Amino acid sequence: MKSQWNDAAAREAIDAYAAKGVSEDIALRVYTTRLLGRDPLLVLHGGGNTSVKTKATDDLGHDHAVIAVKGSGADMADIEPWGLPAVKIEPLLELRALDTLSDEAMVNVQRLNLLDSSAPNPSVETLLHAFLAHKFIDHTHAASVLSLVDQPDGEALAREVYDGRMGIVPYIAPGFGLAKIAAEVFEQKPDVEGLILHKHGIFTFGKDAREAYERMIEMVSLAESRLRQGRPIVFPARPLAATPAAAAEIAPIIRGAAAIKMEGAEPVRFIAELRTAPEILAYVNGAELQSYSQRGVVTPDHIIRTKNRPLVVPAPEAGKLDDFAGAVRAAVAKFGAEYDAYFARENAAAGNTKTKLDSSPRVVLVPGVGLFGLGRSAKDASIAADLAENTVKVVTDAEAIGRYEPLPESDLFALEYWSLEQAKLKGAVVKPLTGQVALVTGAGAIGAATAKALAADGAAIAIVDIDGAAAKKAAAAVKGLGLECDVTKPEQVRAVFAAVCERFGGVDILVSNAGAAWQGRIGEVSDETLRRSFELNFFAHQAVAQEAVRIMLKQGTGGALLFNLSKQAVNPGANFGPYGLPKAATMLLMRQYALDYGADGIRSNGVNADRVRSGLLTDAMIAARSKARGVSEADYMSGNLLHAEVTADDVAQAFVALAKARKTTGHIETVDGGNIAAALR
Ligand SMILES: [Zn+2]
């Protein structure tokens, strides 16, 4: 590992922040905190923190000695000064005289002594930083250090590698007790350059930002060179099926099995993100996977994101997916029962004071395929996958030099159910479509607005369009997946559904929206025109619906098919036959899906919109048509019973309403401002 310190960049940070009234100490604290936060081998998703002891002035002009320490909710990779709340240090130091201090009291004292009452909560490791004498302190859960200390003889190994340069602190749960012990270890040998926290991580410190940071890099590098002495092949592989099933084929099975069925309500679904790096495959294909993968998390704070153990499922074989599905359901049930037993056992030991969290896995290991991270949102799934990938690295390196042995479950239970750890997950709002994956075809005005509206209600979004750039642009607006696809080509349809399954694990909502209008007097229209319109306005709807249903059936958690229909389907306009005829067929297609798949919990509905400014009804067409009728453009667009122009967002809201309407199927929602001639009967 190499130092990323750069004098010019450090200078730049000092100058840029000085212009905003931020001190040099804080500017440099921001600078090296980001250097640490941007290396995933050092810091992942909140797994680390930093501090600086400095001076700050309050509103009365009084100076205070403070510790500015990473606050919860701030990400080290792009931290700003607000993410380093300043706490008066004297009252914190006085706490050291106490024998015990409850977590609530610790948080209270920290908040009482903030200089800014609206600042985020200082890190749960604030007191540890405060009790150490150095000005700059850096803390990470570096992967290589964990490989070293997550061993039966981890403390001895750390002594050997660091040869007196680092203090070694036995494992104690984070909080007041750990802060006191760490300070005692430091004071026994005040010339140490940092501390190794057994089965937890590493602290380094220095008189300035550069020294603390570069000590972190050096100490982590020493661990890395010790690990390089390990065995080159760590996990002898076991023979797998000749043809393993594709990841996209099994993702919906896993995702469906992990979903929590709720009586009379939508299931609690998870997003599943696939990872397949070569090291992951070596790990999941190892003959001893059931042993090394089940020993527990590499550092305690991972447990709130990944639970203590991953779910291991059998290797899936191509063509035998029903067997695999049965095995996965059994494995999930066993996982849940074991989690419940673990909770009951440890909660009894803790005096039955805790409330159980859900029993679903957050990481799934699949021999021959890779690993899936599961989370209620795409972001949470990605975090779980990142932590699982990091775990693969730590365990592989640990096994290469010895035996991976993390903390026992009782210590981890305390962390999993520690109120201050759970507080890190607060703020994750559950919305009506949280956990659901929506695929929208067509990235025009209606498609983009619908993607946005579904995302606002919590769905993860994939949007496809024949114009790949348009799809990517619409997807970027909702942090979704944008893919190029000609929906009239079945092989392209299959490919994009597979990509969505690999990225999110499956599909719950299909908005089949892509379309185009062809015109012509029906007796004279060319056969080619009519057939082209049928390809896009009928057969493509069938192709995407068929693929969506195939995936929904594997998930076994129902789903919603939504079709963009047209007024032309019920109220044909002159010379619009080439458009209206396939749309009429699509309306019946919608009803056929409602009929054939209602028993599977798959609902099928359509939106019948009219006169919406979009790719089908362009500004030029609006100008021409209003002129032909001798009315203004505004009057033309609001020529309906309500005298109101229908917007793409109005149509989007109708799709969202139908996505949530649990007891509605075979229905057409009309969004046209009112048109009696086109009213359904
Ligand atoms: Zn830590």
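## Terms and basis

Two residues are in contact when heavy atoms lie within 4.5 Å of each other. Helices (H or I, at least four residues) and strands (E, at least two) are DSSP runs, numbered from the N terminus.

This is a predicted model, in which local features need pLDDT of at least 70 and side-chain atom pairs count only at pLDDT 80 or more, while totals for chains, interfaces and linings use all residues. Residues are numbered from 1 along each chain as its sequence is written, and side-chain values use heavy atoms, with hydrogens and water left out.

## Helices H21 and H22

Helix H21 covers residues 527–555 and helix H22 covers residues 577–597; their axes come within 8 Å and cross at roughly 15 degrees. H21 is therefore roughly parallel to H22, a label for angles under 35 degrees. Axes are lines fitted to C-alpha atoms, for helices over the stretch in contact, and angles run from 0 to 180 degrees between N-to-C directions.

On the H21 side, the contact includes Leu530, Phe534, Phe538, His541 and Leu553; on the H22 side it includes Pro578, Tyr579, Lys583, Leu589 and Tyr597. By type, the residues of this contact are 14 nonpolar, six polar and one charged. Here Ala, Val, Leu, Ile, Met, Phe, Trp, Tyr, Cys and Pro count as nonpolar, Asp, Glu, Lys and Arg as charged, and the others, Gly among them, as polar.

## Helices H7 and H9

The axes of helix H7 (residues 154–162) and helix H9 (residues 209–227) come within 10 Å and cross at roughly 110 degrees. This makes H7 roughly perpendicular to H9, a label for angles of 65 to 115 degrees.

Leu157, Glu160, Val161 and Tyr162 of H7 touch Met219, Val220, Leu222, Ala223 and Arg226 of H9. The residues of this contact comprise seven nonpolar, no polar and two charged.

## The four-stranded sheet

An open sheet of mixed pairing is formed by four strands in the order E8-E11-E10-E9. Strands pair if DSSP finds at least two bridges between them. Strand E8 (271–275) and strand E9 (311–312) are at the edges with a single partner strand each, so one side of each has no neighbour in the sheet.

E9 pairs with strand E10 (residues 363–366) in the parallel sense over two bridges. Leu365 in E10 is the bridge partner of Val312. Helix H15 (residues 378–401) packs on the sheet and touches E8, E10 and strand E11 (370–375). The direction of H15 makes about 140 degrees with that of E11.

Key. Angles under 35 degrees count as roughly parallel, over 145 as roughly antiparallel, 65 to 115 as roughly perpendicular and the rest as oblique.
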